[in-house]
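Work through the exercises below with the sequence and the 3D structure at hand. Each task is followed by a solution in steps.

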Amino acid sequence: MYNYKMKILIVDDFPTMRRIIKNLFKQIGFENIEEAEDGAIAYSKLKNGGYEFICSDWNMPNMDGFELLKKVRSDNDLKSLPFLMVTAEAEKQKVIEAIKAGVNNYIVKPFTAETLKEKLDKIFEKLGK
Amino acid sequence: MSDDLDEIISEFLTEAEESLDKIDPLFVEIEKKGHDKDLLNEIFRIMHTLKGAAGFLGFQQIVDVAHSAENVLKKLRDGEITFTKNLTDVILHSVDMLRLLLDHIKSKDGEQEDITYLLKDLDALLQKDSEASQISTQHSENENIESSIPDAKINETTCQINEEKEKIAPEKRECQQTLRVDVNKLDKVMDLTGEVVLVRNRLLNIVNFLELKYADDPIVQNLFETVSFLDLVTSDMQIAVMKMRMQPIKKVFGKFPRLVRDISNSLGKEVTLKVSGEDTEVDKSVIEHIGDPLVHIIRNSVDHGIEHVDVRRANGKDEKGTIEISAYQKGNQIVIEVKDDGKGIDLNKVKEKAITKGLITIEEAGRMSENEAINLIFQPGFSTVDIATELSGRGVGMDVVKTNISKLNGYVEVSTKKGEGTCFKIIIPLTLAIIQVLMVRAGKSYYAIPLSNIEETLKISKKDMTSVAGQNIVNIRGRVLPIYELSAITGGNGADNEPQRYVVVIALGETKFCLALDELLGQEEIVIKNIDGLQTDSSYVLGATITGEGKVVLILDPAGISRYKLGLINT
């Protein structure tokens, strides 16, 4: 259904979190995973091209996940990139905002590899249609 | 997980501790500044991140505490509740609790903490104010959205959310590329660099000798140039490695706002803390060892130095006391100052105390200079307050401060003025592993004396030395200083029987004395090697080194000599 070789960008300001999430992706079978520590760094990495999936935290310094999402969606090169937002708990109003801004799905921390896989399945199922 | 879980946990612990360390000073700053959205946001984010990572790792208690604290911080940030001293206390308690929980994880002791009271306290903060915030119907409506949201179907009306409210203020933070390196690996590099420095010194020696002997030989010239270049590169490398071990002193200073706040609150005093020079970089080992002495000095300043508000008012002083902590680099030394505008040290009281404690006799007290009297506070078992307070009376006194700082090859200077305040000045060398020394000879033995402790060197004739009351003294341009034979101190072979003597003037802050010896051989950059089995804090030797000629030479510790010879501290 999806390519396990696709290049994924994980965005989180806390190194341990990046490592945990990276491990979860690896557990599912992905290999090509890059990291960025905030939205601004993520954006410049994305601009360099080659990414096929973004998994970003919401709350970060400099540029948060929501800002990043809006920037990605308004960028002609990037606007169709699948974007998975990581949130702390089901903060409904925030999720609504994110969906409005064009997020493909969201996932609530903490999550397991299985939950992550389910979300990925959903995202790519929809995109495939 | 495919990665080693232990490794992730240890990484989490380090990062979590670092994050928590940031909260204390931020909160004290907010308490001072009042509502500051940026600062609150930063604290909020730290809690938030901590909670997220702890959740993944299954540390439920951390999640619970961080979650409740985060709720309070969120309401605070959004202006739904206001600042109170109680609120600050509870949040700071939460930080303490989180540290404790992290410690349990680190030590793997499997202990649990009772967090129910803390959680209740945190929730109480929310309760109290949620009633008050009922006025804002907009807010409460937003928070009542409980319906789960299907992925794509969004009810347009629920989307009318005030974006401003949730938008997180962009944060200024420098992005630095950093790499975490095991300290042991760094120390190994430092050690090896030391070895390279030693080899370089030997090589320089040989080449200098060759150059004298075969000055015309082009190959020797070539070698000379190459070694000169090696000399330069080695020096640069040494500095680079040294810098790798340097960290801003902020790491230590960051704890002080909270410390001063807690102590002054518990004593009912008003104290403003001013911190400057926190970007000054010092060696890692200084960071590790300077904390406790500084905490002790600051405690003393708040406890004994700063007067109560009514006393200050009566004396026409500003009701709020001030403590200024600063750090700066001076040459190849680091100076850290702790200055208060309190009542100063009463030297007569100090002397009285020292007499009753049997530390000095009445006659000695009479003869004592001001400086000598101040130094009495560093005597073991000395304390000017009779009733041990909760804060200062822990059985450790200022003597521990002095010992700890001596371990860093540093010293403390105290100046005080009655009614105006006291200043503690800690002076430590920039680096501890490589130092500049003066090579000297006394009798048949060679020694190295750290250059940082030497004020001057001169040559005198033996008849300039006189003896007063059994103490040899020497008059240097009108200053009378005690003089000691180095070979007598070290128990080495007898000194040369020459009419002319070399003298090294040692300065340890205000304490000065002279060492008489037979020859000055010159300045050298050396690497301190520890001597196995030698207790450096109870001897006059810092360690040993290997010279350019390949000789093993003892490095003298002037502070140790002053203790041992002048008896400033009982040994």
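**Exercise 1. Describe the contacts, fold pattern and burial of chain A.**

Solution. Start with contact range: in this predicted model, among the contacts of chain A with a separation of 6 or more, 63% are between residues 24 or more positions apart. Next, count the elements: chain A has five helices and five strands. Placed in sequence order, they give the pattern β-α-β-α-β-α-β-α-β-α. Then take burial: 61% of the 129 residues of chain A count as buried. Finally, the accessible surface of chain A is about 5,000 Å², and 47% of that belongs to carbon and sulfur atoms.

**Exercise 2. Determine how helices H1 and H11 of chain B are oriented, and which residues make their contact.**

Solution. Step one is the geometry: H1 (residues 5-33) and H11 (residues 256-267) of chain B pack at an angle of about 55°, and their axes are 7 Å apart. Step two is the class: angles of 65 to 115 degrees would count as roughly perpendicular and those under 35 as roughly parallel, and H1(B) and H11(B) are therefore oblique to each other. Step three is the contact itself: H1(B) contributes B:Asp24, B:Pro25, B:Val28 and B:Glu31, while H11(B) contributes B:Pro257, B:Arg258 and B:Arg261. Sorted by class, this contact of H1(B) with H11(B) has three nonpolar and four charged residues, and no polar ones.

**Exercise 3. Locate the largest nonpolar core and trace the surroundings of B:Phe12.**

Solution. Nonpolar side chains tend to be buried together in soluble globular proteins. Here the largest nonpolar core has 71 residues, and A:Phe25, A:Phe53 and B:Phe12 have the most contacts inside it. Helix H2 (residues 37-57) of chain B supplies the largest share of this core, eleven residues. Now follow B:Phe12: leaving out residues up to four places away in sequence, B:Phe12 touches A:Phe14 and A:Thr16, as well as B:Leu50, B:Ala53, B:Ala54, B:Leu57, B:Phe59 and B:Leu102. A second, separate core has 49 residues, among them B:Met242, B:Phe256, B:Ile287 and B:Ile323.

**Exercise 4. Examine the backbone at A:Asn62, B:Arg477 and A:Pro110.**

Solution. As a reference, most residues other than glycine have a negative phi, and most peptide bonds are trans. A:Asn62 has a positive phi, near 65°, and lies in the loop between strand S3 (53-57) and helix H3 (65-73) of chain A. With 24% relative accessibility, A:Asn62 is partly exposed. B:Arg477 also has a positive phi, near 45°, and sits in the loop between strands S12 (471-476) and S13 (479-485) of chain B. B:Arg477 is exposed, at a relative accessible area of 65%. The peptide bond from A:Lys109 to A:Pro110 is cis, with omega near -15°. A:Pro110 belongs to the loop between strand S5 (105-108) and helix H5 (113-128) of chain A.

**Exercise 5. Is B:Thr193 buried or exposed, and which residues is it in contact with?**

Solution. B:Thr193 is part of helix H8 (residues 183-213) of chain B. Its relative accessibility is 4%; buried means under 20%, so B:Thr193 counts as buried. Apart from neighbours within four places in sequence, B:Thr193 is in contact with B:Met237, B:Gln238 and B:Val241.

Conventions. Residues are numbered from 1 along each chain as its sequence is written. Chains are lettered from A and ligands numbered from 1 in the order in which they are written. This is a predicted model: local features need pLDDT of at least 70, side-chain atom pairs count only at pLDDT 80 or more; totals for chains, interfaces and linings use all residues. Side-chain values use heavy atoms; hydrogens and water are left out. Axes are lines fitted to C-alpha atoms, for helices over the stretch in contact, and angles run from 0 to 180 degrees between N-to-C directions. Helices (H or I, at least four residues) and strands (E, at least two) are DSSP runs, numbered from the N terminus. Angles under 35 degrees count as roughly parallel, over 145 as roughly antiparallel, 65 to 115 as roughly perpendicular and the rest as oblique. Contact means heavy atoms within 4.5 Å. Ala, Val, Leu, Ile, Met, Phe, Trp, Tyr, Cys and Pro count as nonpolar, Asp, Glu, Lys and Arg as charged, and the others, Gly among them, as polar. A nonpolar core is a set of buried Ala, Val, Leu, Ile, Met, Phe, Trp, Tyr and Cys residues joined through side-chain atoms within 4.5 Å. Buried means under 20% relative accessible area, exposed over 50%, partly exposed in between (1.4 Å probe, protein chains only). Accessible areas come from the Shrake-Rupley method with a 1.4 Å probe; for residues, only the protein chains shown count as cover.
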